[in-house]
Amino acid sequence: MAEPKQHSPSLLSMVFITLPIIVAAVFFIIAFNTGDLLWFWPEFEETPLDMTLYCYGEAVTIKPGDPAFAALNAAVNAVLSGRKRWDPLSLSDETYAEYQSSDQMVVLQLYYDPPVRIHSASKFMKSIDSIVIPLVGRHAQYNTIFGRLGDYIAAGSFHFKTMAPIEEAVVAQGLCTLP
């Protein structure tokens, strides 16, 4: 009787076994570290309860149903979707207060309930109920957004390629004049 043929190890079969294991390990390590199984998802599709635009010291409240609300929300969601870079630059209480009263700054603040999550490969901005977006003034040149949860400022900030869609929506809706 013929002896069964023994299979020799194959490089291809080793790749088919180890590659999925490595990919799954990297995915779950990042998911564990960020506390977010959707850390890779680039889209941000949230609708705030309302928005406040601090236009050179004057507060303009934008509520759902206002003509500017849908345009601004679409612009913010477009900017927050896609690539983002986390940075340890945080918003101080003093700067936050200045954003609300300075006659030299323009800042958009969005309020969410329940708190929202910005998906990324970093642990930060995972539960925030307010997003602060400087458009003119301190930190605006870095295309920065800051998060808050209640009275507490979230650690760090996200930086984006451009804030142009938000700036264009603010101007197009006649909410504020930007330089």
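This is a predicted model: local features need pLDDT of at least 70, side-chain atom pairs count only at pLDDT 80 or more; totals for chains, interfaces and linings use all residues.

Student: Is Q109 buried or exposed?

Tutor: A residue is buried under 20% relative accessible area, exposed over 50%, and partly exposed in between, using a 1.4 Å probe and protein chains only. Q109 has a relative accessible area of 2%, so it is buried.

Student: Which residues does Q109 touch?

Tutor: Contact means heavy atoms within 4.5 Å. Leaving aside residues up to four places away in sequence, Q109 touches D50, M51, T52, Y54, Y96, Q100, S130, I131, V132 and R148. The C-alpha atoms of Q109 and L53 are separated by 6.3 Å, although these residues lie 56 apart along the chain.

Student: How many bridges join β1 to β4, and how many pair β4 with β5?

Tutor: Two strands pair if DSSP finds at least two bridges between them. Strand β1 (residues 50-55) is joined to β4 by six bridges and runs antiparallel to it; there, Y54 has V107 in β4 as its bridge partner. Strands β4 and β5 are also antiparallel, over seven bridges, and Q109 is partnered by V132 in β5.

Student: What lies in the loop between β4 and β5?

Tutor: S120 is found in that loop, between β4 (106-116) and β5 (128-136). S120 is buried, with a relative accessible area of 8%. Among the residues that S120 touches are W39, K84 and F158.

Student: How is the chain as a whole described?

Tutor: Its secondary structure comes to four helices and eight strands, in the order α-β-β-α-β-α-β-β-β-β-β-α. The radius of gyration, taken over C-alpha atoms, is compared with a globule rule of 2.2 Å times the number of residues to the power 0.38. Here the radius of gyration is 23 Å, well over the 16 Å that the rule gives for 179 residues, so the chain is more spread out than a compact globule. Along the principal axes, its C-alpha atoms fill a box of roughly 95 × 30 × 30 Å.

How values were computed: Residues are numbered from 1 along each chain as its sequence is written. Side-chain values use heavy atoms; hydrogens and water are left out. Helices (H or I, at least four residues) and strands (E, at least two) are DSSP runs, numbered from the N terminus.
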